[in-house]
Amino acid sequence: MKRLPKFLLSAAMVATMATSFAAVQAATPPDTLVQAWQSDDIISLDPAEVFEFSASEIIGNTYERLIQYDIKDVSKISGQVAESWTVSDDGKTYTFKIRPNKKFASGNPITAEDVVYSIHRAVALDKSPAFILGQFGLTKDNVKDKVKQTGPLEMTFEVDKPYAPTLVLYCLGNSVASIVDKKLLVQNEKDGDWGYNWLKTKYAGSGPYIMRDWKANEVLVLERNPNYEQKTPLARVIFRHIKETASQRLLLEKGDIDIARNLNPEEIAAVSKNPDIQIQSAPKGTVYYLGLNQKNPNLAKPEVRKALKYLVDYAAIADTIMKYKGDVHQNFLPKGFLGAETDNPYKLDVAKAKELLAQAGLKDGFTVTMDTRSTSDITGIAQAMQSTFAQAGIKLEILPMDSKQALTKYRARQHDIYIGNWGSDYQDPNSNADTFAANDDNSDNAKAKPLAWRNAWDPGPLTAKTRAAVMERDAEKRAQMYKELQKAVLDDGPFVIFLQQTEVAAVRKNVKDFVLGPSFSDNDSSKAKKN
Amino acid sequence: MNRGGGHVSALRSFLKSTAQFVIVLMTTLLGLAAVTFFIGRVVPIDPVIAIVGDRAPPQVYERVRTELGLDRPLAEQFVIYVKKAVTGDFGNSVLTTNPVLTDIANVFPATLELATLGTLIGTLFGIPLGVLAAVKRGSLLDQFVRLVGLVGYSVPIFWLGLMGLLLFYAKLGWVAGPGRIDVTYSYLYTPVTGIVLLDTAMQGQWDAFWDAVSHVILPACLLGYFSLAYISRMTRSFMLNELAQEYVIAARVKGLSEMRVIWRHALRNAAVPLVTVIALSYANLLEGSVLTETVFAWPGLGQYITNSLQNADMNAVLGGTLVIGAVFVLLNLVSDLLYRLLDPRTR
C-alpha cells in the first residue's frame, strides 16, 4: 500500500499548487477602460457595412462624419469634419467646406477627396446600410456625378428631390457616411474591392480612438488617436465579449472590468446596492411593439385593434419585466425625435376592451397566436399580455421561436401577432414614419417590406402624407405633420406600441464621463476618465 | 514463405486497415455533412437575413441570395458545397466574415486546452477513486465516490460554474474570473499554437503563463469533475468485474501483495475498456462544452457553433460539425490502436 498514497498525495499537491496562488487581481489599469458586453453581433468594422448595435458604437468612437448632432438635443446639428455648409435654392445641392488641417490617424490629411471617396465607396459597395444614402437617388452609376469634389476642401452632394435638409444632414451624420482614409484604402485595395476585405477587420479613420485589434467574440481594443484634436483622457478602451450576464456582474463587482453593459433587471437592482457602482441609463431610439397581421380577419377589425391597445398593462410591464430597460411609450416616434408625441392615452381597461370586442361581434373573444422570440424579456412581456388578453376572453397562444425564424415568418406575413422592436436607422423622423405609416404597395410581391407591409396594412392617405412630410422644409410644419401621422397610427394602426427602450450600464464609481447616447453610435467612451 | 513474406502481409494488413479507416472517415464525414446540410436548409430560417440584416433593400437581398446559390436546387447546392469542402473551402462564416476553417483554427485550441486539462484531471483522480471504491465495495469511501458521481451527473454544469466563480473568484479570490487571460497580459505574447499555456511558456512569459493558469484552472476542474464522475463510475464497475475473476484469486493464492493484485493485474485488464471510456469522455469535451464556455467567457468551439446556430450561420455550423465528426473518428482510431497495445488478443 505504498504507491497509492504517494500518488494521491502528489496529485493533491499539484492541484493545491495550481489553485492556491492568488491571481494577480489589481483593479483595471488606470489608463484603460475595460467594458464587458455582448458583441457577437459584430460582423464587420467597415463603416460602409456596419449596421449592428455593437459595431456602430465602435464606428462612433473611431470615425468622424461631416455632420454631428448634440446628443442632449438631437435637433442641434453641427459640423464635425464639415466647417460649414449651404443648401442651394432648389434644395437639391448641398455644398460642404471641410475643416482645414485635420488628419487621419495614419497621418494623412483629411481633404474633400476623402469625403467624396467615402460616399462613393459606401454607395458602390451597396451593403446593408447603403440605403440611407441611396434614398436620395444615389446609385452606383450616378454617384460620381452627384457627389463631387469642387476644391481641395470643398465638395457638393446632390439629391434627387428637395428633401427636408435635416433629413439629408442626419443621414450624412450616420455611421455609413463615416469618412475613411482614401490613401490607406487605395493601398489595401484588391481587385477593385474599395479595400472592403481589408477594412472589415482593420481601421482607416480619424476619430478619437483608433481601432487597434479585434478578435471576434473575444476582445476589441481601442487606442488613443494621437492625431485627434482633443486627446482622449484614457489611453485605451478594451471591450471584452462576455456573453453570460452573471459573469459580467461578478467581474464588475470584483473590479476586473469598469463597466458591465448587459446586466438584466435583477442584476442591476443587486449591483446598484454596491457603493462602488453607479447605474447609468439613456433612452434609445428603439420602440417595442406588437404587429397585428391584417390578413387575420379578427385582427383586421378596427375595434379589435383598438381593444388590444386597451388590453396591455403598460405600467406593469415597464415597472417589472422591463424595469431599467424601458419606459411606457405608445407613439411610433421615440422621444427626442422631431415631432415626437409623448402622450400615452392607452391604459389597461378591460371593460372598454370588452365593449369594443362586442361591437366587433366577438363578445366571447377569439384565439390568436403570437410569434415570440425566446429571450427572457420578450417572453416575459408576451406572458404578461397573455394574462391581460385573457381577461377579455382573447386566448393568446405564445409560439416561442428563434429570432431569425420569427423574422423570416414576419417578412413572409405568416404571423398573427409579432412581438418585436424597431430601432431607428437615423435620427430623422422619416426613419420610423417610412416603416410604420407608409406602404406603397401592399401586394404579396411588393419589393419594399416596411412594417406596415409586413402586417398587410394599407395606411391609405398616410403614405402620401409621409412622403409629403419628408419634403417639408419648415421644421415646425414638418413636426406638425409627424404629430398627425403618429396620432393616426395610434388611433387605428395595426401596431400596439408599448415601450421605448432604455439602455443601461453599470459603471464603477471611479469612472467619469462615460456617455450613453440616444443611438448606439452615440455611446461615447472618448471623454471617459478614471480617478 | 520466408520472413520477407511476413513483411508483405504485415504491410498488406496495414494498408488494408488504413484504407478501411479512410473509407470510414470519408463516409462518416459525408453522411454528417449531408444531414447537417439538409437540416440547415429545411429549418424555417432565411439565411439571407442573417447576412444582410432585416433592413436591407430588396436588390441587396436578391444579390446576396444569388451569391449564396440559394436560388439553385438543394441537391445542386449540396454538390457544390462538397466539391468546395474537399479542397478545404468550407465557405465564409456570416458572423465573423472569416473563412470557416480560419475561425475553427482560432477557436479549437481554446477548446483543446480546456478539454485536455479536464480529461487529465478526470483521469488522474477518477481512476484511483474508481479503483478504491471497487476494492472497498460498500464502504464509506465507496458511497462517497458514488455520491460524487451522482452529483457530477445530475447538477447542471452552468450552475456549478457560476457557484465556483462566486466562491473561488468573487469571495476567496483564489482564481481569476471569466476569460482566458487578463487583458494586461494578453498582448505580451504572440499566439503560435493558440494554446495560451503553451504559447506563454514557450515564449518565457511566466507572469502571463501563471495568469492563464489561474484562468483555466476553475473551468478545467469543473470539466474534470464531470469526466471524473463518469470515469470513476466506469472504473468501479470494470474493476468489480475484474476482481471477481479467477486469475485474481489465483494471484492472491500465489501470495502476491494486494497492491500488486489490484494495480498490476486487475487494473491492467480493466484498462482496456477504460481507454474507450476516456476517449469518449475526451471527445465529448472536445465538442466544446457550450455552457462552461459561456459562463467562463471561453472563446471555444462550443460557443462558436452555438452562436452560429442561433444566427443561422450555416457554413460555420457545417464546418464545426465536420470538425467534431473528424475528432470523434480520430479518437476512435486512437483508442483502437491503444486497445491493440494493451490487449494482445486484439492484435
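Which residue is the bridge partner of Gly326(A) in S17(A)? That would be Gln501(A). Keep in mind that this is a predicted model.

**Strand S17 of chain A and its partners**

- S17(A) covers residues 495-508, and it's mostly covered, with 13 of its 14 residues buried.
- Strand S12 (residues 277-292) of chain A runs antiparallel to S17(A), and twelve bridges join the two.
- Within S17(A), Val507(A) is the bridge partner of Gln278(A).
- Val507(A) also turns up opposite Ile259(A).
- Strand S11 (residues 259-260) of chain A is joined to S17(A) by two bridges, again antiparallel.
- Strand S13 (residues 326-328) of chain A pairs with S17(A) over three bridges, in the antiparallel sense.

**A four-stranded sheet in chain A**

- Here four strands line up in the order S4-S5-S7-S6 as an open sheet with antiparallel pairing.
- The edges belong to strand S4 (82-87) and strand S6 (147-151) of chain A; each has a single partner strand, so one side of each has no neighbour in the sheet.
- On average, neighbouring strands of this sheet are turned by 25 degrees against each other, direction ignored.
- Strands S5 (residues 93-98) and S7 (residues 154-158) of chain A run antiparallel and are joined by five bridges.
- If you want a residue pair to look for, Lys97(A) sits opposite Glu154(A) in S7(A).
- Helix H3 (residues 112-125) of chain A lies across S5, S6 and S7 of chain A, and runs at about 175 degrees to S6(A).

**Domains of chain A**

- Chain A splits into domain 1 (26-62 + 207-276 + 509-530), domain 2 (64-117 + 126-181) and domain 3 (283-502).
- Between domain 1 and domain 3 of chain A, the C-alpha centres are 32 Å apart.
- Five residues of domain 1 of chain A and nine residues of domain 3 of chain A make the contact.
- On the domain 1 side of chain A, the residues touching domain 3 come out as three nonpolar, two polar and no charged.

**Where chain A meets chain B**

- Chain A puts 51 residues into the contact, and chain B puts in 51 residues.
- Helix H1 (3-20), helix H4 (131-134), strand S10 (236-241), helix H9 (245-254) and helix H15 (403-411) of chain A each supply at least two residues of the side that touches chain B.
- H1(A) gives the most to that side, with eight residues.
- Sorted by class, the side of chain A that touches chain B has 24 nonpolar, eleven polar and 16 charged residues.

**Chain B and a helix pair inside it**

- Chain B has 14 helices and zero strands.
- Its C-alpha atoms fill a box of roughly 85 × 70 × 40 Å along the principal axes.
- Out of 347 residues in chain B, 42% count as buried.
- For contacts in chain B with a separation of 6 or more, 70% come from residues 24 or more positions apart.
- Helices H5 (residues 100-135) and H11 (residues 258-286) of chain B have axes that come within 10 Å and cross at roughly 150 degrees.
- The H5(B)–H11(B) crossing is right-handed.
- Residues making this contact include Ala115(B), Gly118(B) and Gly122(B) of H5(B), along with Ile278(B), Ser281(B) and Tyr282(B) of H11(B).
- In the contact of H5(B) with H11(B), ten residues are nonpolar, six are polar and none is charged.

Note on methods:
Residues numbered from 1 in each chain as written. Chains lettered and ligands numbered in written order. Predicted model: local features only at pLDDT ≥ 70, side-chain atom pairs only at ≥ 80, totals over all residues. Axes fitted to C-alpha atoms, helices over the stretch in contact; angles between N-to-C directions. Left-handed = near helix turned anticlockwise from the far one by under 90°. Contact = placed C-beta atoms within 7 Å. Nonpolar A, V, L, I, M, F, W, Y, C, P; charged D, E, K, R; others polar. Buried ≥ 20, exposed ≤ 12 C-beta atoms within 10 Å, placed from the backbone. Domains from an automatic or database assignment. Pairing = 2+ DSSP bridges.
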